[in-house]
Amino acid sequence: MSYYPEPPYFLMFAGFAIALAAGTAFAATLKLIVAKWSSDRAAATKAQLPTAQLIIPYLGINAGILVFLAAGLEIFGFPSWLAASVAAPLTLLIGLLVWYQLGSMLSFVEKKGFESLDLDSWR
């Protein structure tokens, strides 16, 4: 009889599924917002990134990643409290950096246009 708990494989797959579902919603919402913003750009509207339509799926992505990382660390033998205390700041830091990068990319596009993001051109 074993006294070791089962590794949280279900939590790992559930966290991945949550992040994937929220990421799909985030991508669709971001495409709609950018398409609307680029069509209304002649009206001199400022690109606003932190809307509730974007923040909620983005928080879902981060929650899924947090569960995925914590469960993955538990699978490798870390105690639950240590896995959560490592995964939480890591997820928070990466989430904030990605959000900042997305905002800076949108402001870059706002200043120089969508053509500036074309990496294949040699202009």
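This is a predicted model: local features need pLDDT of at least 70, side-chain atom pairs count only at pLDDT 80 or more; totals for chains, interfaces and linings use all residues.
Helix α1, which comprises residues 9–39, belongs to a chain with three helices and zero strands, the elements of which follow the order α-α-α from the N terminus. Of the 123 residues in the chain, 24% are buried, and the accessible surface amounts to about 9000 Å², with 73% of this area belonging to carbon and sulfur atoms. Among contacts between residues at least 6 apart in sequence, those joining residues at least 24 apart account for 74%.

The buried residues of α1 are Met-12, Gly-15, Ala-19, Ala-22, Phe-26, Thr-29, Leu-30, Val-34 and Trp-37, and the elements that cover them include α2 (52–75) and α3 (80–112). In an α-helix there are 3.6 residues a turn, so residues three or four places apart point the same way. Thr-29, located in α1, has a relative accessible area of 19% and is therefore classed as buried, the cut-off being under 20%. When neighbours within four places in sequence are set aside, Thr-29 is in contact with Gln-53 and Leu-54.

Phe-10, which is likewise found in helix α1, counts as exposed because its relative accessibility is 67%, where exposure requires a value over 50%. Together with Leu-11 and Val-67, Phe-10 makes a nonpolar surface patch of about 300 Å².

Conventions:
Residues are numbered from 1 along each chain as its sequence is written. Side-chain values use heavy atoms; hydrogens and water are left out. Patches are made of residues with over 30% relative accessible area and no salt bridge: like charges are joined within 9 Å, nonpolar side chains (Val, Leu, Ile, Met, Phe, Trp, Tyr) within 5 Å. Accessible areas come from the Shrake-Rupley method with a 1.4 Å probe; for residues, only the protein chains shown count as cover. A salt bridge is a side-chain nitrogen of Lys or Arg within 4 Å of a carboxyl oxygen of Asp or Glu. Helices (H or I, at least four residues) and strands (E, at least two) are DSSP runs, numbered from the N terminus. Buried means under 20% relative accessible area, exposed over 50%, partly exposed in between (1.4 Å probe, protein chains only). Contact means heavy atoms within 4.5 Å.
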